[in-house]
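My entries follow the display.

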Amino acid sequence: MKDKDSVEKVADFILQADRVVVFTGAGVSTESGISDFRSPDGIWSRYDPEDFTIQRFISDKEARKRNWQLRKELISADYQPNPAHHAVAELERLGKLSCVITQNIDGLHHAAGNSAEKIIELHGTIKYAKCLRCDDRLPMVEVLRRIDEGEEDPHCRKCGGLLKAATVSFGEAMPIDEMRRAEICSRNSDVFIVIGSSLVVYPAAGLPLIAKQAGARLVIVNYAPTDMDGRADVVIHEKAGIVMPAVLERVREMF
Ligand code: NAD
């Protein structure tokens, strides 16, 4: 751990705080084996981002097939939470966590033990699929099984509408309730910790600034520099799976 002073500072912030908000992006899950989007070996090095617009999904059957292929890749690999997810779950057990706002769709904060009411999934979840016409939801494993059994382009069995992963595609509106809760939680936080996000996908990436402007201490734990580093009270450019357990160890020592 290169940056011991910064770890200590973040632990102090947490000890003094009552309402810690954790904001996670794809980088919190790379140590679980799930690629992020924008790193050199990220998902966009293998898939075309255009295939993930809602317009392309609706209009192009071949794009839908590539979409299901990526969902299958993510679901069948049985990814597990890593030490960074477990550290966030521990923050909740210590009574410090106000909420975890995640841009991720992988469900790993649930798997690590954070309670569902503390998790705000801004971009939805791949654990479910939804009908684009009647809004019916069904488990993703069920849809993937239908694909395995030969259905190339699954449609809703209730109304015949198109099925899609219950995630927010490019061009699709953000979920209103989740976004509102995330804004309130951010505004009321006393420490706001970004973990593994390039902070370029808006409106989610605006939440750290809302928190900072409302008086929270802003911490950024991200491998690569972000445009918001200059606004943060502490910035740590190391792996989340190393930094976050070290922070929690220090918190435990002083608690
Ligand atoms: P991003 O790909 O734009 O950025 C990820 C950031 O994490 C990078 O800046 C990288 O330097 C950093 N990073 C990578 N590994 C790290 C590690 N071990 N420790 C610390 N930092 C690390 O991701 P984003 O900001 O989340 O935005 C892109 C969108 O990607 C999100 O909206 C999300 O929905 C989606 N996405 C989600 C998943 C997932 O659910 N796991 C995976 C890929 C993409």
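I began with the ligand and found one of its oxygen atoms 2.8 Å from a polar backbone atom of Ile 105. I counted such a pair as a polar contact when N or O atoms lie within 3.5 Å. This is a predicted model, in which local features need pLDDT of at least 70, side-chain atom pairs count only at pLDDT 80 or more, and totals for chains, interfaces and linings use all residues. Residues are numbered from 1 along each chain as its sequence is written, and side-chain values use heavy atoms, with hydrogens and water left out.

I then noted that an oxygen atom of the ligand is 3.0 Å from a polar backbone atom of Phe 37. For Tyr 223, a backbone N or O atom lies 3.0 Å from a nitrogen atom of the ligand. The protein buries 93% of the 860 Å² that the ligand exposes when taken alone (Shrake-Rupley method, 1.4 Å probe).

I looked up the shell next: 28 residues surround the ligand, each with a heavy atom within 4 Å of it. The closest are Ala 26, Arg 38, Gln 103, His 123 and Ser 198.

Which domains give residues to this shell? Domain 1 (1-34 + 80-123 + 174-255) and domain 2 (35-76 + 125-167) both do, so the ligand lies between them. The bounds come from an automatic or database domain assignment. I recorded 28 Å between the C-alpha centres of domain 1 and domain 2. Their contact (heavy atoms within 4.5 Å) takes 12 residues from domain 1 and 10 residues from domain 2.

Methods. A polar contact is a pair of N or O atoms within 3.5 Å; within protein, one must be able to donate a hydrogen and the other to accept it, and residues adjacent in sequence count only if both atoms are side-chain atoms.
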